[in-house]
Amino acid sequence: MRLHTTVDHGVVGEVATAIAGAGGMVTAIDVAESSSNRLTVDVTCSAADAEHAAELQTAVAAVEGVEVHKVSDRTFLIHLGGKIEVASKVPLKTRDDMSLAYTPGVGRVSMAIHENPEDVRRLTIKGNTVAVVTDGSAVLGLGNIGPGAALPVMEGKAALFKRFGEIDAWPICLDTQDTDEIVRAVELIAPGFGGINLEDIAAPRCFEIEARLRESLDIPVFHDDQHGTAIVVLAALTNALRVVKKEIGTARVVVSGAGAAGTAIVKLLLAAGVQDVVVVDRNGALVAGDAGLSAAHRELASLTNKDGRSGGLQDVLVGADVFIGVSAPGILKPEWISTMADDPVVFALANPDPEVDPAQAAKYAAVVASGRSDFPNQINNVLAFPGVFRGLLDARAHEVTVEMCLRAADAIAHVVRDDELNASFIMPSVFHPEVHHAVAAAIAHKPE
């Protein structure tokens, strides 16, 4: 905290006392500036979490003669100036360097690409570059917060591409939520990229955008909120069923959430051999023939719920082997899990607050997973998308197929060896040295 205080050094001690009294720990206090009528004091202290930090700020502000001018923390500090940069791969120290990298030498390369367009992937960054595209309409769990507010998330995604896939990705935040404009904008920038990663675009608009771009572009288009999520969920389910010794073809699955992620999960589960899936949204189970369903939900209902089960989540959960939640916090009561089949599997993936508290769910379920890093079995998209795009770029692929997604899920699952697999360890760490290589090889269909 940067504080403006009266010219009384005793105030510094009062600030430290106030922080300690509110449960914080002071690690540094520095007088940054001093004048005849004001001190500027920088206070660094430790807090338990963001809520506790706000309590410490309130406690300090209550000290007489103190004004809290600015507040920051480690998260905000690492975002100062952004998290990514462009760096040159070639030296530019001499006139000769310039003549090779830029004019006149670059003109020869441009003409070579003009004469043989396929060389663009070999002679430019296109072969290793992905556009991370959003309209800011469905950012994390924050909702429609716009393209500017989405930029830190897209920067973070680009940093993950580099760290785990050695891919140069760039955030493209579009100031429109018009489907036609988004499609056209991506089509116009596509020549500079080897792949398009759609991110945080709300359903159902994201379905049409992806479908149209896949039709019009000759580079792969991947909506991570759909297909990345589906890949990691299928990988986790594969291993969870290995733990409870059930076959994927006989497992009865309930999916809560019929948006982009839920739809993609269902379709990939069906492709993987799941026979019995019921999808539930806020109005209850999706049932074929319900005239009140949207077009997207009608399609989903036609693919699922073969026995026509109706009712809410509590009703359709009875006897189910698996619950997969990609919906809203707190909608699954822990005791409902006891009505499921023997050795039930529960994936509560709403973030940051899951459908059920994982610790409470573990009292009833054989295997519990969430999207959080502070519980065992984190199901995280970063296990998939860097390797997926690494494989797509290496193979110079023009599209993403269902078969690729199935292979990627299988690769992630089998990074966990039989001797490692247990109810608290069904997914590899995102830092596992082999997972991204395994996914890339699976996508490119190259044996490891």
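**Reading helices in a predicted model**

The chain holds 17 helices and 14 strands, and the model is a predicted one.

Biologist: How do you know that the span of helix α7 agrees with its number of residues?

Modeller: Helix α7 covers residues 146-165, and at 1.5 Å a residue its 20 residues should span 28 Å. The end C-alpha atoms of α7 are 28 Å apart, so the two values agree.

Biologist: Where is the kink in α7 centred?

Modeller: On P152, and the kink is about 35 degrees. That angle is taken between axes fitted to the seven residues ending there and the seven starting there. Just after α7, E166 has a positive phi of about 55 degrees.

Biologist: How are two packed helices described?

Modeller: By the angle between their axes and the distance between the axes. For α8 (residues 179-189) and α9 (residues 205-216), the angle is about 35 degrees and the axes are 10 Å apart.

Biologist: Which residues make that contact?

Modeller: From α8 they include I182, V183 and V186, and from α9 they include I209, R212 and L213. The residues of this contact divide into five nonpolar, two polar and five charged.

Biologist: Is the crossing of α8 and α9 left-handed or right-handed?

Modeller: Helix α8 passes α9 in a right-handed crossing.

Technical notes
Residues numbered from 1 in each chain as written. Predicted model: local features only at pLDDT ≥ 70, side-chain atom pairs only at ≥ 80, totals over all residues. Heavy atoms only, no water. Axes fitted to C-alpha atoms, helices over the stretch in contact; angles between N-to-C directions. Helix = DSSP H or I, 4+ residues; strand = E, 2+ residues; numbered from the N terminus. Left-handed = near helix turned anticlockwise from the far one by under 90°. Contact = heavy atoms within 4.5 Å. Nonpolar A, V, L, I, M, F, W, Y, C, P; charged D, E, K, R; others polar. Expected span 1.5 Å × (residues − 1).
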